[in-house]
Amino acid sequence: MIENSRSIDRWATAILLCGLVFVLTPMAFVIVTATQSYEEFLRRNFSLIPGGHFAENLREVWTRTDLPRQTLNSIIVGAIAATGRIALAVTTSYAVVFFTGRGRGLVYALVVASIMLPLELMIITAYQVTANVALPLNALANAGGLWSALAGRPLDLQWNLLDSYAGIAIPLMAQGSCTLILVQFFRTIPPQLARAAIIDGAGPLRFLWDILLPLSKGPLTALGIYMFISAWIQYMWPLVAASSPARTMAVVGLARLQEEGERIPDFPLQMTGAILVTLPPLILIAVFQRRIVRGLTLSEK
Amino acid sequence: MKQEIFRARALPWWLCAPQLLVLFLFFYLPIILAFFWAFHLEQPFGGGSQFVGFANFRRVLGSGEFWSSARATLAYMVLASGSSVGTALVLALAADRRLRLSGIARNIFLWPKAVASASIGVIFVFLLNPYLGIPAPLNEIWPGLWNPRTNPLHAYAMLFVANVWSAIPFSFIILLAGLQAIPEELHKAGAIDGAGPWRRLRDIQLPLLTPQLFVVVVLEVADSLSGSFGLIDTMTRGGPGGATNLLVYKIYSDGFKAYDLSGAATQTVILMALVAVVTGAQYLFLERRVRYDR
Amino acid sequence: MTATNAPAAIGLHGLRKSYGATEVLPALEAELRGGEFTVILGPSGCGKSTLLNCIAGLERLSAGRITIAGREVQEAEPKDRGIAMVFQNYALYPHMSVAGNIGYALKVARVPRAEREARIAAAARIVDLGDYLHRRPSELSGGQRQRVAIARAVVREPQVLLYDEPLSNLDAKLRQDMRMELAGLHRRIGATSVFVTHDQVEAMTLADRIMVLNRGRIEQFATPQEIYHAPATAFVAGFIGAPAMTLLDVAGEGGWLRLSDGTVLARHRHQGAALLGIRPEQVLADPAGVPARVIYREDLGAHSVLTLQLGDGSRLQMAAGPGRPVAASSDIRIALPAGALHLFDPLTGRAFARHPVPSDAMKVQDDAIPS
Ligand SMILES: Nc1ncnc2c1ncn2[C@@H]1O[C@H](COP(=O)(O)OP(=O)(O)OP(=O)(O)O)[C@@H](O)[C@H]1O
Ligand SMILES: [Mg+2]
């Protein structure tokens, strides 16, 4: 760049190196530890010398823990949540950007406001709603004793979503960041495109399907990958929403490996589990880095 | 900004409906319920609720445990978001220069995004274990130098390091994109006007980066709180001696372990207000600087 | 406001610049006279901006020296070179007002507030922006923005003003106005100006001297008149003029220049292969001349431009007056007056020294014979 850039570049390089060391060191230790057997680990304490027991540890994680099953659960929930969030975001952003009429601003504000308060803050009541999704219907029908007057007793519908894939995934969709990004992307699309489509005789839904979606393929896949990862790394919600082992997600399962009650925990096993749980999203990130960045920032660089 | 192409009346509402329904059920309704329970008491055995006015608030605000938790939460929110955004900003500034290293760095700095907060907790609990982890050799020389299980300060240090580690990717992406959107010519013009690198950072880069900084800080406040649960649950479990029992974790224990629905809901309301206040303050602080068009 | 400093000459000595393996500027030598308006002209990507950035100190030289007013500056910071610069896309600071933009350099240099404001006001007056001092750049038109950029450069009272295609973002009319203003500005403040463009009209109208660059090499560095009437290389000949000079492969033998099929084109003493250049407006119609076929005609109102095909298939452009319309695909005869011929070495592209013109070549008929 400019002027005495060499010394600045040296500083920048040093900073980047520090950052890389900071990010990679934990990962390196995880990998090394995962290659040691429990006995080896106890004998040597903490060491950077890799052992040769990774396959063994992996087999143990595979057979002795529930992680394989839980990884499958993570894939399912991640796929549902990502697809759902994209679908909801596409329809909403389309309505907000391409249609006239009142209420667009309000809808947009309602959606965007949800970014500031994450699900974790209202976990108790979100749990309550998920335990009975019919709650608002009941409340509405029983307001002022209306339903009792008609049917003789208060309306008491029950629809429990807890411990189901839908119950874990759908609350994760109640967050507007995806819509925020898509609205901004749709706003960069020239309106002439829609006008041309109207002149060609396409209706709004046709335009959405035939033109807008193909045009947004890049950002949509990037967002989809990012949302899949975001769902994958959830911890608190899956912890409370899934009580049976059959619905537990991988990250929760990994944390439970801590609770085995031995005097010195089997850290090599835990670290092997951590690798298993982290590798799928990590590969996605490493491979799709450029796409993801472009999708999140809408920049062409 | 306004495009407004199609003029259908009902269709846009149908298009928004699914999103609004999901948001209503799992975002707005929980908030409403939190307010509801904050003013009601659950009847033991057999449901039902009883309006109790501000009794729940009096009870919560009267407990010393709540106040220490609230103070810790506020401090954590500010410090955790500040430290992670600061780190990401420094890294983004370095990666913005076209260095040989920046290509790989841009990829690797996103990797922590793949690691869930709970996984980070599991990993860092091991790495920073006083007897088995990285500090073990030092602890042998100076016993008690590092022990997050007994020293609250160490416990917080552990949380902060883990939080910074996990928060790098998102802030880094957004801030780097913001830096790269600043035209090269502005740097050149600044250099010709006699501003050195530091002066340009202060007078040109940071002012032009305020929109991104604002987004990142707001989201980091929310993220530091939501991520704190996974970290605390796997690293400190609120300890030592309740020192890291942040509100998010306390609400969880009160609600799910102690079955105190009303108390948990009351604290939820307070926590949400806290987040709103912090976000609002940042908005007021940064908003004045954000008003310009490219 | 006038420049307080005496006009500074700029010397480029063995200036080289490469990015990795690609050499953009190979060993440039030139002397830009103090107080002159020098235009650097060349096709896109030839290294004009790179050269300007090197002078400004925004790029580090790979080798060589730069002197400004006799002082070696290649190691100096941009702010210490006595230069100011105007960029193609204005490069205004979007978060500062017009006054803030103009005064930023003064603020950095810790000029006291009162003096700063006086100088900002003076600079704004020069470019007619007095009423806009408190606006943001986003609230200005393109022309006004470029004025702010110019004021920002002028306010520092630089010895050298550098312009990197400052007009290319403006529309045609505005560009013409700004050209006049820049010429006036140069006359008033008298700083040495270096102006980069790929627009030859700008070059011809503004320059005291034009430096024609091609792939980082100086093809010719001379006054606009010389560049036009005596291009030093085939490249300059083909680059300047609208439409540009036609270049034909010819061979000279026994006092005649012939095309490859043997057609005699003109009288000339040159022996051997050459590139023959002739300006379209100097091609004449001549009933006793060389046969040519009109294959395309562009009517520009005041005159028309004919594209002609000669016997060996090569093409030649000719500007014809408004009077006689010539239909496309008609056959005509033309003459190439010896005084208008430029001969270049086909290998190096350099102009051959001009030969004295044989007298009978001056025999020229004015009547065209359109068929
Ligand atoms: N940072 C760089 N790295 C590598 N090559 C570069 C760099 N900057 C410029 N170049 C190359 O140097 C050559 C000259 O670039 P320069 O910008 O000086 O051209 P220019 O004459 O100003 O063109 P234009 O009229 O399009 O502005 C180009 O071929 C360009 O590709
Ligand atoms: Mg250029």
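**Ground rules.** I am working with a predicted model, where local features need pLDDT of at least 70, side-chain atom pairs count only at pLDDT 80 or more, and totals for chains, interfaces and linings use all residues; side-chain values use heavy atoms, with hydrogens and water left out. Residues are numbered from 1 along each chain as its sequence is written, while chains are lettered from A and ligands numbered from 1 in the order in which they are written.

**Entry 1: where chain B meets chain A.** I began with contacts, meaning heavy atoms within 4.5 Å. I found 102 residues of chain B in contact with 107 residues of chain A. The size of an interface is often given as the accessible area lost when the parts come together, so I looked that up next. Chains B and A bury about 9,600 Å² between them, and 78% of that is on carbon and sulfur atoms. (Buried area is the accessible area, with a 1.4 Å probe, that two parts lose on being put together, summed over both.)

How many salt bridges cross this interface? The rule finds one, a salt bridge being a side-chain nitrogen of Lys or Arg within 4 Å of a carboxyl oxygen of Asp or Glu. Its partners are Asp9(A) and Arg97(B), at 2.5 Å from N to O. I then noted that helix α1 (residues 10–38) of chain B gives the largest share of the side touching chain A, with 21 residues. Helices here are DSSP runs (H or I, at least four residues), numbered from the N terminus. By class, that side of chain B has 75 nonpolar, 16 polar and eleven charged residues. (Ala, Val, Leu, Ile, Met, Phe, Trp, Tyr, Cys and Pro count as nonpolar, Asp, Glu, Lys and Arg as charged, and the others, Gly among them, as polar.)

**Entry 2: salt bridges elsewhere.** I see 23 salt bridges over all chains. In chain C, Lys173(C) pairs with Asp177(C), with the closest N and O atoms 3.2 Å apart. Why do these two sit about one helical turn from each other? They are separated by about one turn because they are four residues apart in helix α5 (residues 172–189) of chain C. An α-helix has 3.6 residues a turn, so residues three or four places apart point the same way. Lys173(C) is exposed at 53% relative accessible area, and Asp177(C) is partly exposed at 26%. (Buried means under 20% relative accessible area, exposed over 50%, partly exposed in between, with a 1.4 Å probe and protein chains only.)

I also looked up Arg33(C) and Glu36(C), whose side chains form a salt bridge at 2.9 Å, N to O. Arg33(C) is partly exposed at 44%, whereas Glu36(C) is buried at 12%. Asp299(C) and Arg297(C) make another salt bridge, at 3.0 Å, N to O. In chain B, salt bridges that share partners join Arg199(B), Arg202(B) and Asp203(B) into one network.

Entry 3: Is Lys250(B) buried or exposed? Lys250(B) is buried, with a relative accessible area of 6%, and lies in helix α10 (residues 247–257) of chain B. Beyond four places in sequence, Lys250(B) touches Glu65(B), Phe66(B), Ser69(B), Asn245(B) and Gln267(B).

Leu74(B), in helix α3 (residues 64–96) of chain B, is partly exposed at 36%. Leaving aside neighbours within four places, Leu74(B) is in contact with Leu274(B) and Val278(B).
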